[in-house]
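Visitor: Please take a close look at the aromatic rings in this structure, and at how they pair with one another.

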Amino acid sequence: MFGFKSYLRFLKPNSCSRRQLFSTQTPLQSAGPMASLLKTRSVIRFKGPETIKFLQGLVTNDVRSLDDPQPAGENNTTPNMPAAVAPPVYAAMLTPQGRFLYDFFLYRAPRTDEKLDRTGSGPGPDPGELEIYADVEGSVLDELLATLKRYRLRSKVDIESVAEDFCCWQRFGGNITEDSSSSSQYESEANSIGWGGTVDQSGVSSSQGNGLGWHWNKDPRLSCLGYRAIFPSNTTPPLVEADKETDEGNYLLWRLEKGVAEGPTEIAKGEAIPLEYNLAGLNAISFDKGCYIGQELIARTHHRGVIRKRLIPLRFFDQNGKEVEQKISPGSEVIERESRKKVGTVTTALGSRGFGLLRLDEAFKGKDSLSVKGCDDVSVETVRPEWWPSEWFLSNEDRSAAA
């Protein structure tokens, strides 16, 4: 469990800094587009003729789409644009018992035979072997590499860290994730600039310096999370101006509001059941891809259709209805105020926001119905994310009847 003690300073923005850090009481929705360099994430590379086969038997999602890029569309006429694209894939790696270990954002590396050349007339030369890059949790990088190499056996795939050469970025905010018209405009500009276009002059220098063709992608989990990408370490991503770059702590706050945990610091490594942490709703699991490590528990739980606990966004208030800052820590028990019965546990806390793994039948009974054990003056409000499907709220009896 992660208390993000290093992030507590974010709650007192430094007015002298261009990368303003927002309080948990400040609505990020009104802050506009922001981009964060994700310093907590690292990049590893898979390369070799059996890369797809290796990953397909290892992670929860179907990765075969990374080896089958599709035509990019009629509007991709900018020199150095991809003639074919493969969207990134979000996936997890599990223990043999089906518990969460690591998550991955998997990208197909830009290939010269899939791009128009600088004249815009045709593809470049044969690029060689397929390469897949993975955006992973940096704090467990060495452990992850050792685990992957242990599972590699005789597979023809090379696995190495390229953390010094590449960085992970996230672009988010109300203006690019909620409004469909501005989102479409942003996507067009982001793709064009990422491949050497000239739509937004502020991004021209960085796009021209990016010969590898890395570009922004829609976050493969949810549209409300914005855009995610890998870029070379020595470049500034397109559409990222200095006054729009913000600290990674604000991206954490954005995810806390949306109800999306990320990485083994927020999804308990070796303990978390992926379906309870909503990974199916985050497009991280394929239920028809075939065998992978830990599949049995996932398939059995999914087909039985009974998920009694889920990770839920939380807000903490005092008796006067004012948000409580920095008072609740991970591991705190959430209880029903009258019966004193345990409802769940706070898994992540930052300021007045957090995540809790709570029983669904007790979690949504009103703002004042829940409290924190040992802090009776604190009320816990659960927030239903807008992206949650309605069937997650059906009782077991209703679900059986619907089936």
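Guide: Rings of Phe, Tyr and Trp, the last taken by its six-membered ring, count as a pair if their centres lie within 6.5 Å. In this predicted model, ring pairs link Phe364, Trp387, Trp388 and Trp392 into a cluster. By the rule on ring centres, the count comes to 11 aromatic pairs.

A pair of aromatic rings is described by the distance of the centres and the angle of the planes. One of the pairs joins Phe172 and Tyr251: the ring centres are 5.7 Å apart and the planes meet at 50°, so this pair is tilted. The two residues come from distant parts of the chain, 79 residues apart, with Phe172 in strand E9 (residues 166-172) and Tyr251 in helix H6 (residues 248-258). Burial counts as a relative accessible area under 20%. Phe172 has a relative accessible area of 0% and is therefore buried; Tyr251, with a value of 1%, is buried as well.

Arg221 lies over the face of Tyr90, at 5.5 Å from the ring centre. Arg228 lies over the face of Phe105, and the distance to that ring centre is 3.8 Å.

Conventions
Residues numbered from 1 in each chain as written. Predicted model: local features only at pLDDT ≥ 70, side-chain atom pairs only at ≥ 80, totals over all residues. Heavy atoms only, no water. Phe/Tyr/Trp six-rings, centres within 6.5 Å; stacked < 30°, edge-to-face > 60°. Helix = DSSP H or I, 4+ residues; strand = E, 2+ residues; numbered from the N terminus. Buried < 20%, exposed > 50% of the residue type's maximum accessible area, 1.4 Å probe, protein only. Lys NZ or Arg CZ within 6 Å of the ring centre and 35° of its normal.
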